[in-house]
Amino acid sequence: MKNYLKPAVFFLSLWPIYIIVYQLIYNKLGPEPVDRIINHFGEWTLIFIFLTLSMTPLKKITKSLQWIKFRRMLGLFAFFYASIHMLSYVGLDYRFDFEPLIDDVFKKKFVFVGFSAWLLLIPLAITSSNKMVRLLKQNWKKLHSLIYVISIFGVLHFIWLSKTIFFKPLIFLIILAVLLLFRLKFNKSSIVSDKNKL
Ligand code: HEM
């Protein structure tokens, strides 16, 4: 049964693609299909970043190592969807005309912060293999803590582009706050247990 879990999670993670293909085939993308596609993949990027961040808390809460097996795959899916999101913006909105895009990055703060989040995801994707974990040793953990910065940038991007925090951006902000609190709590408890060992 356990052997099937990873492929099952892989095919489930393709859900955002199934939805968009279905909506394309059945003409259900609505009056603004380009915006629909961009927003769809933007939202799913954030969801996958949160799923990746949830694996460690779930491991600690359930005392099961199973969750960690999915962390890399979910993180790579986050990068995959962020890249589709970015490419649909550049390709569908600007027809790969990079000049207005570069203008947007420097003029619109929501694009700047989203673009920065995507750039920061690149080193994490490149160093996600077991070989890189071994090569980078302690630095790997430090580098991969960037995922917290990326998640904050992702939520800021959502709040700034929405111009109001209500309603979806607020839900994402609350989930982010819970995940960051977990991180703080577990960091504190591991410092206490390290001290007790001394
Ligand atoms: C980790 C990276 C990123 C995350 C998590 C992210 C997330 C999101 C989210 C959640 C939305 C709104 C979805 C909705 O309204 O339902 C969105 C929209 C958008 N994002 Fe991103 N994004 C990222 C990177 C980028 C990049 C690199 C660009 C472009 C260079 C970009 C450009 C946009 C644009 C243009 C919109 C739509 C704005 C509109 O409605 O007019 N995003 N993104």
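This is a predicted model: local features need pLDDT of at least 70, side-chain atom pairs count only at pLDDT 80 or more; totals for chains, interfaces and linings use all residues.

User: Why is leucine 74 called buried?

Analyst: Leucine 74, which lies in helix α4, has 21 other C-beta atoms within 10 Å, and because the label buried requires 20 or more, leucine 74 is classed as buried.

User: Which residues does leucine 74 touch, not counting residues up to four places away in sequence?

Analyst: With that exclusion, leucine 74 touches Ser13, Phe48, Leu51, Thr52 and Met55; as for methionine 55, it is 19 residues from leucine 74 in sequence, while the C-alpha to C-alpha separation is 9.4 Å.

User: What makes α5 roughly perpendicular to α6?

Analyst: The axes of α5 (residues 98–107) and α6 cross at roughly 100 degrees and come within 5 Å. Because angles of 65 to 115 degrees count as roughly perpendicular, α5 is given that description relative to α6. In this contact, Asp104, Val105 and Phe106 of α5 meet Val111, Phe112 and Phe115 of α6, a set that divides into 5 nonpolar, no polar and 1 charged.

User: Which residues touch the most other members of the largest nonpolar core, and which element gives the largest share?

Analyst: Of its 29 residues, Phe48, Ile49, Phe77, Ala78, Tyr81, Ala82 and Leu121 touch the most other members. Two or more residues each come from α3 (33–62), α4 (68–93), α6 (109–126), α9 (146–162) and α10 (168–197), and the largest share, 11 residues, is that of α4.

Notes
Residues are numbered from 1 along each chain as its sequence is written. A nonpolar core is a set of buried Ala, Val, Leu, Ile, Met, Phe, Trp, Tyr and Cys residues joined through C-beta atoms within 7 Å. A residue is buried if 20 or more other C-beta atoms lie within 10 Å of its own, exposed if 12 or fewer, and partly exposed in between; C-beta atoms are placed from the backbone. Helices (H or I, at least four residues) and strands (E, at least two) are DSSP runs, numbered from the N terminus. Axes are lines fitted to C-alpha atoms, for helices over the stretch in contact, and angles run from 0 to 180 degrees between N-to-C directions. Angles under 35 degrees count as roughly parallel, over 145 as roughly antiparallel, 65 to 115 as roughly perpendicular and the rest as oblique. Two residues are in contact if their C-beta atoms, placed from the backbone, lie within 7 Å. Ala, Val, Leu, Ile, Met, Phe, Trp, Tyr, Cys and Pro count as nonpolar, Asp, Glu, Lys and Arg as charged, and the others, Gly among them, as polar.
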